[in-house]
Amino acid sequence: MTRNFDEEPTVIVERRNGGGTGVFLAGLAIGAGLALLLAPSSGAELRRQMRRTARRAQRTAGHIARDVRERATDAISEARDEFESRVKDARSAIRERRQDVNEAVRSGRDAARDARSAFERRLAEARTRKPEPEAGGD
């Protein structure tokens, strides 16, 4: 059984995309016109207010930037001081451990020397002693 697609109904859907930009621009122009008509001050006064506001915003941004820069500098300085303090503490701890190890090695050498001297002394004493006669001979 074969289907004949020529006999089936076909639906075509068309979309229009061209009007979006034009409508936006028209709304923008109408909004700007209404803003000028309803503004409580003249254009010159409005421009002066905008310049003042822009200068205030610029000063405020400068203050904020300076404050952020100072805080960052302080934070970096504190971090550097903390790091240097920890490095100093670590070096001190390493120095102490090195001294402990050196003292332990010295003590070990002294103990080994004393043990060797005692052993050599006992060995010399044993060599100088006369052998005792064996009991129970024939």
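**Ground rules**

I number residues from 1 along each chain as its sequence is written, and I work with side-chain heavy atoms, leaving out hydrogens and water. As the model is predicted, I need pLDDT of at least 70 for local features and 80 or more for side-chain atom pairs, while totals for chains, interfaces and linings use all residues.

**Entry: the overall picture**

I looked up the secondary structure and found two helices and zero strands in the protein chain. Here helices are DSSP runs of H or I with at least four residues, strands are runs of E with at least two, and numbering starts from the N terminus. Helix 1 covers residues 19-38, and helix 2 covers residues 43-128.

How much of the chain is buried? I found that buried residues make up 1% of the 138 residues. I call a residue buried under 20% relative accessible area, exposed over 50%, and partly exposed in between, with a 1.4 Å probe and protein chains only.

The accessible surface of the chain comes to about 13,600 Å², and carbon and sulfur atoms hold 55% of that surface. These areas come from the Shrake-Rupley method with a 1.4 Å probe, and for residues only the protein chains shown count as cover.

**Entry: the nonpolar patch**

Next I turned to surface patches. For a patch I take residues with over 30% relative accessible area and no salt bridge, joining like charges within 9 Å and nonpolar side chains (Val, Leu, Ile, Met, Phe, Trp, Tyr) within 5 Å.

Phe 24, Leu 25 and Leu 28 make a nonpolar surface patch of about 330 Å². I placed Phe 24 in helix 1. Phe 24 counts as exposed because its relative accessible area is 55%.

**Entry: the charged patches**

For charge, I count Lys and Arg as positive and Asp and Glu as negative, leaving out His and the chain ends. I place each charge at NZ of Lys, CZ of Arg, CG of Asp or CD of Glu.

Which residues form the patch of positive charge? I found Arg 47, Arg 51, Arg 55, Arg 56 and Arg 59 gathered there on the surface. Arg 55 sits in helix 2, and its relative accessibility of 42% makes Arg 55 partly exposed.

A patch of negative charge on the surface gathers Glu 70, Asp 74, Glu 78, Asp 81 and Glu 84. Glu 70 is also found in helix 2. Its relative accessible area is 46%, so Glu 70 is partly exposed.

**Entry: salt bridges**

Side chains of opposite charge can pair when their charged atoms come close. I searched the whole structure and found seven salt bridges, each a side-chain nitrogen of Lys or Arg within 4 Å of a carboxyl oxygen of Asp or Glu.

Glu 45, Arg 48 and Arg 52 are linked in a network of salt bridges. The closest N and O atoms are 2.7 Å apart for Glu 45 with Arg 48, and 3.8 Å apart for Glu 45 with Arg 52. Glu 45 and Arg 48 both lie in helix 2, three residues apart, or about one turn of the helix.

Glu 82 is partly exposed at 41%, whereas Arg 86 counts as exposed at 58%.
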